Amino acid sequence: MVYSMTGYGQAARELGGYKINIEMKSVNHRYSDIVLRMPREWAGSEDRLRRLVAQHVSRGRIDVYVNKERTSESAFEAECNMGVVDAYVQAGEQLKQLYGLEGSLLVNDLLRLPDVMNVREKATWSDEQLIAVLEDGFTEALNGLCQMREIEGRHLADDTLERLSRLESLHTEMIQWAPSVVEEYRSKLKQRLEQLLEQSAAFDESRFGMEVAIFAERSNIDEELTRLKSHFTQFRQLLSSGEPIGRKLDFLVQEMNRETNTIGSKANHLELVNRVVDMKAELEKIREQAANIE
C-alpha cells in the first residue's frame, strides 16, 4: 500500500465541562517532523501523544492542534497570596509612620489590590482520565488522517505506474533503434569519405572499419538499457511492497535519470535522442509524484 504524505484528520471529545478539539494536518517533508500545539497545562502528556502519532506516520511534517472550549460552568478555586498581603500591610504601616496618616486596610480593600488573589479553574478529572480522552481523540484523528493519505496514495501509485509503463515503452523503442546507430554512422561516414576522396585515392577499408568499431564502442548503450530495465522492475516491486518507499523511489528516479542522460550523451541518433527527451520528461513527473509518497 502506497501512502501520500498529505492528509487531514480531526476529532472532538468532552471532558469536565470542556470540549476538546483535535486537528491534524500532514504535508511533505524529507523526514518525520511532529509539531504538537496544546494547552500548556497538558504538556506532561505531550511525549506520550507524540509517540502515538509516530506509530501511525513514519514520514512527513505533521502539525497537531489541541484546544479546549468551555461548554458549561466549571468549578473554581481561589487562593490568597499571603506574601503579597503582608507586603501591602507593611507598606500601609510605613505610610502611617512616615506621614502621620490614620486608617487601616480592610479586607475589601485588600481583595481589590493586584495579585492578592489567585483564581483558577479547578480540574474535575485525573491525569489518567485526561490522557485516556486525549489518546482516544488522537486515535480517531489519526485514522482520518491515514485514510486520506491512503486514498491519495492510491492515486499517486496509479499515476506513477502509468508513467512507468510509458518509460518501459520508450525503453523498448530504444532497444529497437540501438542497432541502427552504428549502421547509420557507417553509411554516412563511408558516403562522406567517398565524397572527399572523389576517387582520387584508394579507399582504406581497414582504417574505415577501425573508425566504425571505435564509434560502435563509444555509442554502445546496452549496459544503460539493462540497468534501466532493472530499475523499472525494482520500482514496480517497491510500489507493491506496503512499506514506506518515498526515499527509495527518489533514489531510483535519480539513477534512472543518470542512465538516461548517459544514453543521451552516447546516442548520436535522432530517434534515440527524441526518446531520451520523452523519457526525461516522464521521469521528472514521476520524481514530483515520488516526492509526495511516504
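This note goes through a predicted model, from its hairpin to its cores and a surface patch.

1. Strand β1 covers residues 7-15 and strand β2 covers residues 18-27. The two run antiparallel and are joined by nine bridges. Two residues lie between the strands, and Gly-16 has a positive phi near 50° in this hairpin. Glu-14 of β1 faces Lys-19 of β2 across the pair.

2. The faces of β1. In a regular strand, side chains alternate between the two faces of the sheet. On the covered face of β1 are Gly-7, Gly-9, Ala-11, Arg-13 and Leu-15. The uncovered face holds Tyr-8, Gln-10, Ala-12 and Glu-14.

3. The largest nonpolar core. This core has 29 residues, and Phe-235, Leu-249 and Met-256 have the most contacts inside it. At least two residues each come from α4 (127-197), α6 (222-239), α7 (246-266) and α8 (270-290). Helix α4 contributes the most, with seven residues.

4. Leu-249. Leaving aside residues up to four places away in sequence, Leu-249 touches Phe-235, Leu-238, Leu-239, Ala-290 and Ile-293.

5. The second core. A separate core is made up of 26 residues, among them Met-24, Leu-49, Val-133 and Leu-142.

6. The surface patch. Leu-95, Leu-98, Tyr-99 and Leu-101 make a nonpolar patch on the surface, together having about 470 Å² of accessible area. Leu-98 belongs to helix α2, residues 82-99. Why does Leu-98 count as exposed? Its relative accessibility is 65%, and the cut-off for exposed is over 50%.

Notes: Residues are numbered from 1 along each chain as its sequence is written. This is a predicted model: local features need pLDDT of at least 70, side-chain atom pairs count only at pLDDT 80 or more; totals for chains, interfaces and linings use all residues. Side-chain values use heavy atoms; hydrogens and water are left out. Patches are made of residues with over 30% relative accessible area and no salt bridge: like charges are joined within 9 Å, nonpolar side chains (Val, Leu, Ile, Met, Phe, Trp, Tyr) within 5 Å. Accessible areas come from the Shrake-Rupley method with a 1.4 Å probe; for residues, only the protein chains shown count as cover. A salt bridge is a side-chain nitrogen of Lys or Arg within 4 Å of a carboxyl oxygen of Asp or Glu. Helices (H or I, at least four residues) and strands (E, at least two) are DSSP runs, numbered from the N terminus. Buried means under 20% relative accessible area, exposed over 50%, partly exposed in between (1.4 Å probe, protein chains only). A nonpolar core is a set of buried Ala, Val, Leu, Ile, Met, Phe, Trp, Tyr and Cys residues joined through side-chain atoms within 4.5 Å. Contact means heavy atoms within 4.5 Å. Two strands pair if DSSP finds at least two bridges between them.
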